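Please take a moment with the view before I go on.

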Amino acid sequence: MPTTSSSSSPSEPLKPRPRLPQPQPRQSPVPRPSTARLPSLCAAIERHAAAGRHAEALDLFRLARAAAPFEPLPASTYHALIAAAAALRDPGAAAAVAWHIESSGSEPDVFTDNLILGMYLRCGMLGEARQVFEGMPERNAVTWGIMMGGLVDRGRPRAALALFRKMWAEADGCEAPPRAVVVAVRAAAVAGSVRAGRQLHCCVVKMGPCGDDGDRYLSCALLDMYSKCGRVDCARQVFDGMVPCQRTVVAWNAMLAGYVLHGRSEEALELYHEMQGSSVDMDQFTFSTMLGVFSRLGLLEHAKQAHACLIQRGLLLDIVGNTALVDLYCKWGRMEDARNVFERMPKRNLISWNALIAGYGYHGMGDKAFEMFETLIAEGIVPNHVTFLAVLNACRFSGLVDKGKRVFQLMTQNPKTKPRAMHYACVIELFGREGLLDEAYSMIRRAPFTPTANMWGALLTASRVHKNMHLAKLAAEQLLAMEPEKINNYAVLLNLYISSGRQDDACKVLETLKRKGLCISNACSWVTVKKKDHRFFFKDSTHPQCAEIHRTLDTLMKEIKEAGYVAEETELLPDIHPDELNIPRAYHSERLAIAFGLIRTSPCTPLRITQNHRLCNDCHKIIKFLTKVTKREIVVRDGSRFHHFKLGICCCGDYW
């Protein structure tokens, strides 16, 4: 019988039948924790909170609430939860913890109530904090201090002072807690109310001694309050009234900060010297504060000594102190030192970058300033108006026209950094430096606001240097209309007329000066030798070494004339009155300072001169020749910029 053929080929392997999906057992829900687990949960909550894992502690609290919504927890667990909610500043968590304490039937003591009060204040829940405070059956000194401090921290200092008056009335003016008085004094400082501060001072006197710690804290608080309210002399009276053991580094620092805050740098320096003679160890805050003072007063040697002390003591400056040090080194032309401090800063902010970029710019190192600017951008730091001003100044001082244009264009592309008048003034002077007077004047005409005095001043400088009398006269007249009492504007216009031979116009300017009662004041130059400032004025004959200084200067003038110097005769110098034009100019103040510095310093030491006026053309030429014949480097900080003179060349390129 024939066999039936199979549908499948004999060579094909047999395939197993597919398995049907098996039904999966139903997942049972996660069992809720039982009350038996509460002790372990509470212990875990306390461990997490103690270790700073606040979010994890609150997560475990949610499990505990699910297990036993109304079961009271141990007081130590509640304290840990309150600390966690306060640390996270989480109002929801704070409300949950407080609700559980209340609904579980717990009866918190005054310590726990104080913690809840502080938690609410940390989370910004002033209404809830006020309810807790008013509902507390018992309050202690800590309670009042917490509530008042919270109000101050939340910007309600006058409410804190009102609360203090209430506490004082309840205590019948007898035993106000020192901590509460300290907080009240801080509230007066924040509110800027010297009247309230004086009343609190009277309270302190009425209370009498509070013990060493209490008296120390109260004195420091009063000192700080008077300083912030602008009564620095009252602050000094408090400081002087403190017994030596109360004058901690905090008290010294507060007094130093008070002087600095109100611009009394010389008194801060005197106090700093007193502090050095005391037994108090200075800290980072001391040096940070004083570096700013040294920078303002131009005390490079003091700053170097402070920097050395920091290194010897192993102290690290904060951002403020390091930035002040960078700024000070920049102001004195110590750019390598400034860069070293900058590179070693553990943290930097935009102010630190701005200080270094500006320093490079002022010392004619425009390429390095621009390089730092590009590094700042590459690191993702967003520049502000000050940054752009520093870079544009660097381009201006170094004549980097193309780079300056790029920076200005970058500003215009961002609405947040729209150029201001000061940026326009930089670009105007940048164009003017290169003789592009049409472009400079066009910047003034195209400005989207009324041109400022700085903008016209930049155009005037460019016109004066490039001898464009028409633009110079236009700019000078605009300046005189905007600043009719500023003597420098008349001096520049007077020089323009004298240099162009327009004697009649020069006489008119002099008549205007006399009619207005204005006169060109004497300029001053000074040099620091062995940590002492030596000041000189025009025709100065008061210095003890006057005769030697004049002899030295006469000798130097002969040497530079032999080297090719020819005097500038067409400029009215800033510190010479018009009536004194026929008097020889050899005794100009900056020249006297340089001569003295050459006498009193070693041959390899660079000279650093500071003066309160713009360096005149003749002095600028003389100093270039002096660096040739003496082989000394001379740095002059005038009213316009830094001038680095070396071997007959100045970093300003003869444009300032």
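Let me begin with the lining of the second largest pocket, which by class has six nonpolar, eight polar and eight charged residues. Please keep in mind that what we are looking at is a predicted model. In total 22 residues line this pocket, and Arg464, Val465, Lys467, Glu568 and Asn617 are the ones that lie nearest its centre. The elements that give two or more residues to this lining are α25 (453-465), α26 (469-482), α27 (487-499) and α31 (617-630), and α31 gives the most, with four residues. The space in the second largest pocket comes to about 530 Å³, and its lining draws at least three residues from each of domain 1 (431-516) and domain 2 (524-650).

Now I turn to α25 and its packing. Helix α23, residues 421-433, packs with α25 at an angle of about 5°, with the two axes 8 Å apart. Since angles under 35 degrees count as roughly parallel, α23 and α25 are therefore roughly parallel to each other. On the α23 side the contact is made by Ala421, Tyr424, Ala425, Ile428, Glu429 and Gly432, and on the α25 side by Asn454, Met455, Ala458, Leu459 and Ala462. By class, this contact has eight nonpolar, two polar and one charged residues.

Technical notes
Residues are numbered from 1 along each chain as its sequence is written. This is a predicted model: local features need pLDDT of at least 70, side-chain atom pairs count only at pLDDT 80 or more; totals for chains, interfaces and linings use all residues. Side-chain values use heavy atoms; hydrogens and water are left out. On a 1 Å grid over the protein atoms alone, a cavity is a set of points where a 1.4 Å probe fits but cannot get out, and a pocket is an open set with protein on both sides within 12 Å along at least five of seven lines; lining residues have an atom within 4 Å of a point. Grid points are joined across faces, edges and corners, and a volume is the space filled by probe spheres set on the points. Ala, Val, Leu, Ile, Met, Phe, Trp, Tyr, Cys and Pro count as nonpolar, Asp, Glu, Lys and Arg as charged, and the others, Gly among them, as polar. Domain bounds come from an automatic or database domain assignment. Axes are lines fitted to C-alpha atoms, for helices over the stretch in contact, and angles run from 0 to 180 degrees between N-to-C directions. Angles under 35 degrees count as roughly parallel, over 145 as roughly antiparallel, 65 to 115 as roughly perpendicular and the rest as oblique. Contact means heavy atoms within 4.5 Å.
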